[in-house]
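The sequence and the model are shown first.

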Amino acid sequence: CLSRGSEMCIRDRYKEVIMKKLMNQRWFIALVFMVLYKPAMFSQMPALHTFDTISNVFKVMVIAVLGVWFVYFYQKVSLFFVGIVFFEVWRVLATIYCGGNYTSLFIAILNALAICLVVEMGLKTDPDALLDGASFTLGLFVLINFATVLLFPQGMYEFNTFTQNYFLGYRNNSIMLFFPAIIFSIVRSLRKYNKLTLSSFVITAVSFATVILAFSATSVIGMTVFTLFLLLALINKMPNFLNIITYLAINIAYFFGVIILRLQEAFAFIIVDMLGRDLTFTGRTKIWDSALAAFAKSPVFGVGEIENQASRDLIGATHAHNYYLDLLYKSGLPGFLIFFAILIICGVALYRNRKNGKIPFIVSGAICAFMIMLQSEAYYNIYYFFSILTLAAFIPYALPKKDEDGNFIFEEKGKHSLKKKHSYHYYLRK
């Protein structure tokens, strides 16, 4: 400090204290998540256009502050964050190369980077504040959305010809916010009390009820897969074979078997005769063929990010109805490989911590469900899930606290206090 000047040293130290004080505040984390996870209704309803514009300005300010904080106080950039940056930069480069409208990408990309930054900084500064603030905001959004589903069963408003839109937007896309709400709430409960709290149970149950009532088949499948992982964790049956290698093998086999080779035709007697389903998956095979043809013409850059109408003209739909194929079609092979590299980084971090209680296994279950859902949908708000990927990459910070002997420390919920920490604890060996 002396070489830099005592005054500059004091000023830097003061800024660091202010930053850490803010990251230690649950209300601040909650507000940041409100901005970064702004409900889709505000962007899609014309009557709320003014509010949406103001909130976008505020969002850019928050993103800028988070970026400066990260560069200034967290100078070591993680491999995970490098992967996220490469992934988003490649999307922009592919779009520029193909002459697409890359300016429309910037808000979404900055939002994605900011979500990763706030989760990483929060975990490294004060995991409890991060989990409390994120759980409060996202849980509140889930409950409000559920109320709108009950009040408006056929949808609140129309957007892009779709009518089943609610507080969090279209019924299919809400799941990208449900999962972060569920995971942050459950991780908070397990980190503090080693059990599910009433709030985490309610958020999980309400999310499941919402996808059933509004009915999104892909979301129901995703929630079912995750619930199985959750139940296995709660009964302490967490097999090691359920890891990123298994998830990759299943998804690669499905992708090549169904999307590329169309092996479902060999099971026509089951799909058509017994289940009464269409072998074209309601016309999706034609969309897949068109997307594969577009990828074959430009395997490195794809076609870039294009407008909905341009996509309809090219492949017959706004997206390829399979996120992996959508990546190949829009970002080429490099974008596809970078995305899988990010998933592998997260999966390896979870596997290395598989013996550290239930939390890594449950987060791993969310990623498994996520990867399966991407076989049917290409979510425009997929970056909402990046908070879970960041949590996975830095999972050691989310684990319960330990005493000097390496035992996990949990709080007793029977005695409540207004203080940040409870006075009563019990111990569990690792």
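The model is predicted, so local features need pLDDT of at least 70 and side-chain atom pairs count only at pLDDT 80 or more, while totals for chains, interfaces and linings use all residues. Residues are numbered from 1 along each chain as its sequence is written, and side-chain values use heavy atoms, with hydrogens and water left out.

**Aromatic pairs**

Rings of Phe, Tyr and Trp (its six-membered ring) pair if their centres lie within 6.5 Å; planes under 30 degrees apart count as stacked, over 60 as edge-to-face and the rest as tilted. By this rule there are 25 aromatic pairs.

Helices (H or I, at least four residues) and strands (E, at least two) are DSSP runs, numbered from the N terminus. Phe87 is buried, with a relative accessible area of 1%, and for Phe339 the value is likewise 1%. Ring pairs also join Phe87 and Phe339 with Tyr323, Tyr324, Phe336 and Phe340 in a cluster.

**The sheet**

Three strands form an open, antiparallel sheet in the order β1-β2-β3. Two strands pair if DSSP finds at least two bridges between them. β1 (157–159) and β3 (169–170) are at the edges with a single partner strand each, so one side of each has no neighbour in the sheet. β1 pairs with strand β2 (residues 162–166) in the antiparallel sense over 2 bridges. Phe159 stands opposite Phe162 in β2.

On a 1 Å grid over the protein atoms alone, a cavity is a set of points where a 1.4 Å probe fits but cannot get out, and lining residues have an atom within 4 Å of a point. The count comes to 1 cavity of 30 Å³ or more. The lining of the largest cavity consists of Asn145, Tyr166, Arg171, Ser174, Phe178, Thr210, Val211 and Ala214.

Note on methods: 1 Å grid on protein atoms, 1.4 Å probe; cavity = no way out; pocket = protein on both sides within 12 Å on 5 of 7 lines; lining within 4 Å. Points joined across faces, edges and corners; volume = space filled by probe spheres on them. Buried < 20%, exposed > 50% of the residue type's maximum accessible area, 1.4 Å probe, protein only.
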